[in-house]
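Work through the following exercises with the sequence and the three-dimensional view side by side. Try each task on your own before you read its solution.

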Amino acid sequence: MRRPVIAGNWKMYKTIAEAVEFVKRLRPLVAKSDHCDVVVAPPFTALAAVAEAARGSNIAVSAQDCHWDKEGAHTGDVSPQMLVDVGCSHVIIGHSERRHDHGETDERANRKLNAALAAGLVPIVCLGETLAEREAGKTRDVLRRQSHGGFAALTPTEFSRIIMAYEPVWAIGTGRTATAKMAAESHGYLRELVAEQFGHGVGSGLRILYGGSVKPDNAGGLMAEEEIDGALVGGASLKLDSFAAILNYPRR
Ligand code: PEP
């Protein structure tokens, strides 16, 4: 049994006060949610305050990115050790918006992943194809490239600590969701790739989240798929009622 994870990616939204208020109101709503892990990923500025507001609860705090060095002359960057210092347990790596806005490559994602693991963080590693790639029938090639590049040189033990998020780029923030079957097919393929690279035990234990316009009304259908182990939620995680409804998706 793979324990589901529902993670909210708040992107560049919420002041410190708004983020803390959200977590204070979320706490009682998830206090009894023992069916899944709950993660929120506020912007860097709110991490410390959110970690404080979530202390003693079942809400884990994630950053949205990190650098690969522990410290150094990297203006504007934040190291994995600094994230641990403010109370993060998770970090999102290789999100398509980082790939698009900041030229993040598979090779950089791999360096960040190694650094995050070394710091003791749980990386949530994102991969997924663009619309042009899907329409050209290249989805599997892209997933293979991202998976091989992003996970190069990890040992099976290291790899077993990560969470993967399949996020088709064309479904992120667009209101277009991959059908549950489409997502499950890609998840199954990713699991095969991981099994090839790290062995069957690691492949079958890997938690793969789906991300891309997950909303309260489609969360149950997605989560009903055997291959889908949770969701990375952007827009719908910004409002308490929709995030809580996704967290409490209808269960079999
Ligand atoms: C995301 O930010 O990872 C995401 C999937 O966004 P949205 O749910 O808004 O599509």
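**Exercise 1. Find the residues that glutamate 129 touches, leaving aside its neighbours within four places in sequence, and describe its surroundings.**

Step 1. Glutamate 129 is in contact with Arg134, Thr139, Val142, Tyr166, Glu167, Pro168, Val169 and Trp170, where contact means heavy atoms within 4.5 Å. Before going further, note that this is a predicted model, in which local features need pLDDT of at least 70 and side-chain atom pairs count only at pLDDT 80 or more, while totals for chains, interfaces and linings use all residues. Residues are numbered from 1 along each chain as its sequence is written, and side-chain values use heavy atoms, with hydrogens and water left out.

Step 2. Glutamate 129 sits in the loop between strand S5 (122-127) and helix H6 (131-135); helices (H or I, at least four residues) and strands (E, at least two) are DSSP runs, numbered from the N terminus.

Step 3. The side chains of glutamate 129 and arginine 134 are joined by a polar contact of 2.7 Å. Such a contact is a pair of N or O atoms within 3.5 Å; within protein, one must be able to donate a hydrogen and the other to accept it, and residues adjacent in sequence count only if both atoms are side-chain atoms.

**Exercise 2. Is asparagine 9 buried or exposed, and which residues does it touch?**

Step 1. Asparagine 9 is part of strand S1, and its relative accessibility of 5% makes it count as buried.

Step 2. Not counting residues up to four places away in sequence, asparagine 9 touches Ala41, Gln64, Ile92, His95, Leu232, Val233, Gly234 and Ser237.

Step 3. The side chain of asparagine 9 also reaches the backbone nitrogen of lysine 11, at 3.1 Å.

**Exercise 3. Which residues are the closest to the ligand, and how much of the ligand does the protein bury?**

Step 1. The ligand is surrounded by 14 residues, of which the closest are Lys11, His95, Glu167, Gly173 and Ser213; to be near the ligand, a residue needs a heavy atom within 4 Å of it.

Step 2. A side-chain N or O atom of lysine 11 is 2.8 Å from an oxygen atom of the ligand, a polar side-chain atom of histidine 95 lies 2.8 Å from a ligand oxygen, and for glycine 234 a backbone N or O atom lies 2.8 Å from an oxygen atom of the ligand.

Step 3. Taken alone, the ligand exposes 300 Å², and the protein buries 97% of that; accessible areas come from the Shrake-Rupley method with a 1.4 Å probe, and for residues only the protein chains shown count as cover.

**Exercise 4. Why is helix H12 described as largely enclosed by the rest of the structure?**

Step 1. Helix H12 (residues 240-247) has eight residues and six of them are buried, so it is largely enclosed by the rest of the structure.

Step 2. Its buried residues are Leu240, Ser242, Phe243, Ala244, Ile246 and Leu247.

Step 3. The cover over the buried residues of H12 includes strand S1 (5-9), helix H1 (16-30), strand S2 (37-41), helix H11 (216-223) and strand S8 (230-233).

How values were computed. Buried < 20%, exposed > 50% of the residue type's maximum accessible area, 1.4 Å probe, protein only.
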